[in-house]
Amino acid sequence: MKTIEQKGMYQKFPRSGKDTRVTHYCAGCGHGIVNKLIAECCAEMGLQDRTIFVDPVGCGVFTYYYWDAAHISAAHGRASAAATGACRARPDAVTIAYQGDGDLGAIGFNNAFQAASRGEKFGCIFINNSLYGMTGGQMAPTTLEGEKTTTTPFGRDPALTGHPLHVCEVFGQLQAPVYIARVSVADTRRIMQCKAAIKRMFEIQRDHKGYALLEILAPCPTNFGMSPLKAAEFCKNEMEAEFPLGVFRDAEKGIGRETADERREESSRVSSPASASLAVKPVPQFASCAELFGAPDGVDAPPAEDDPSVPERRFKFAGYGGQGILSLGICVAEAARLEKRHALWFPSYGPEQRGGSASCSVVVSGTPIGSPTVEHPDVLVCMNEPSYERFVGDVRKGGVVIVDATVPVTKQPPEGVRLYQVPAIKMAEDFGVPKAANTMMLAALRAFKATGLADENLETALCASFKKKPQLIEKNRDLLHRAEAALRQS
């Protein structure tokens, strides 16, 4: 019987500091399926000791914890550039770049396209789940027309953001690639086809035949907002209608390429009529809280109104991923919109979704805002020491710094800046809800009058963020009031 190691995966994954066989992928995620198929093919073909995997920034960032082979971690979008260096430095090796649609299709597209045009001798496995998975479900170049994401809450409108990028079809115009194919992992039959395609890619790289691209359509239940079964159906019925499956080119087997129009026409004859649900919707003049991120029924944000008497106010929220930093920023931005203010929210992430660095900027103004970046905040909220040390020196004179009491204040804020140390994490634990530390910080913003926004709008925005979990609305409202009362008494 084959052992776990012979299957190409490490026996244990120590990513979380524990000996576990649990990956970091969400339930139903296509990455987990593809990771297993890659490991099996690599091991079954006896290529583990010859293979170099180039890992991306994105959901596949931790594959070096799983695949028992050599690894190179590349910067965002640069996996194809790193793979080029690897296959040239080690022409005897089997080099495989693993990239997502944001990583390859957006910031890394030119790297990947030029590597394919040169015919570099490595294989690229390209995971297409139609959005940015790791960072919260924003629109990607592959997002379908009409598909709702966190940055296209009314559906992708081609008039505003263009049409989905068809990577296989674009690369199919190049002369150098020897293999281009698109498969899916939405059901058992498709998974078997995917494994065969992965094996074919390994064969081509084992024999150093040239550049190969394998696009894999994969479900993302978490960011689709669907169950794993419904996400798989979305992948089959919606994504495959836009991105037809098949082998576009296999030079060794004499397979050429059909035109994109021919493939789309063939797909339209066999695809499910469910794709009609993705019809493009007109974008209204303004978005309601409910449409944007789930406010209670009947709570709408009015359109912004210009008021030059309201000065621009800049906020920075920072801490570890998983502490609710980004949600806290959204609450402030939504409260501003409820007051007819112009508001922008701009997130920033480290390479990990949880446990890495996370921050966001919020700009509130009575007039249109020129840039969402915040270099010198009026209000800084920090939940960990690295963020405090990084940002505290940038706060404007007259500003406010609110920092969790667990953070040692080894660096004083600039002169004229007020500093509040708030036991947000401890208060949340004492109230029996450790994950509510960000609600404690919202209470601090209200208690210290740091936002310039009405308390009732901050509370409404907080409740709005729990529409998908209505059982938590009253609990967090109560926590907000209790925390604020405690802070006012201290």
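## Close-up views of a predicted model

**View 1. Ser130 is a buried residue, with a relative accessibility of 0%.** The structure shown in this and the following views is a predicted model. Ser130 belongs to the loop that joins β4 (123-128) to β5. Although Ser130 is not a glycine, its phi is positive, at about 70°. Most residues other than glycine have a negative phi.

**View 2. Lys340 also has a positive phi, of about 65°, without being a glycine.** This residue is placed in the loop between α12 (325-338) and β11 (342-349). Is Lys340 buried or partly exposed? Its relative accessible area is 33%, so Lys340 counts as partly exposed.

**View 3. The second largest pocket has a volume of about 320 Å³.** Its lining consists of 22 residues, and those nearest the centre of the pocket are Val57, Gly58, His76, Tyr132 and Met134. Two or more lining residues come from each of the elements β3 (94-100), α3 (101-107) and β5 (131-132). By residue class, the lining of this pocket comprises 12 polar, eight nonpolar and two charged residues. Rolling a probe the size of a water molecule over the atoms shows where empty space is left.

**View 4. Tyr420 and Phe448 form a stacked pair of aromatic rings.** The structure contains 15 aromatic pairs. A pair of aromatic rings is described by the distance of the centres and the angle of the planes. For Tyr420 and Phe448, the centres are 3.9 Å apart and the planes lie at 10°, so the pair counts as stacked. The two residues are 28 residues apart and belong to distant parts of the chain. Tyr420 is in strand β15 (residues 418-422), whereas Phe448 is in the loop between α15 (437-447) and α16 (455-464). With a relative accessibility of 23%, Tyr420 is classed as partly exposed.

**View 5. One aromatic cluster brings together five named residues: Phe109, Phe113, Phe122, Phe171 and Tyr211.**

**View 6. Gln421 is a residue of strand β15.** Its relative accessibility is 48%, so Gln421 counts as partly exposed. Which residues does Gln421 touch, not counting residues up to four places away in sequence? They are Val403, Val407 and Val409. Between Gln421 and Ala444 the C-alpha to C-alpha distance is 9.7 Å, and the two are 23 residues apart in sequence.

**View 7. Ser359 is located in strand β12 (residues 357-365).** Its relative accessibility is 8%, so Ser359 counts as buried. With neighbours within four places in sequence left aside, the residues in contact with Ser359 are Phe317, Ala318, Ile325, Leu326, Phe346, Pro347, Ser348 and Phe391.

**View 8. Confidence in the prediction is given by pLDDT, which averages 87 over the protein.** A score of at least 70 is reached by 88% of the residues. Where does pLDDT stay under 50? One such stretch is residues 1-6, for which the model has 11 contacts beyond four places in sequence. Another is residues 266-298, with 69 contacts beyond four places in sequence.

Note on methods
Residues numbered from 1 in each chain as written. Predicted model: local features only at pLDDT ≥ 70, side-chain atom pairs only at ≥ 80, totals over all residues. Heavy atoms only, no water. 1 Å grid on protein atoms, 1.4 Å probe; cavity = no way out; pocket = protein on both sides within 12 Å on 5 of 7 lines; lining within 4 Å. Points joined across faces, edges and corners; volume = space filled by probe spheres on them. Helix = DSSP H or I, 4+ residues; strand = E, 2+ residues; numbered from the N terminus. Nonpolar A, V, L, I, M, F, W, Y, C, P; charged D, E, K, R; others polar. Phe/Tyr/Trp six-rings, centres within 6.5 Å; stacked < 30°, edge-to-face > 60°. Buried < 20%, exposed > 50% of the residue type's maximum accessible area, 1.4 Å probe, protein only. Contact = heavy atoms within 4.5 Å. pLDDT = per-residue confidence, 0-100.
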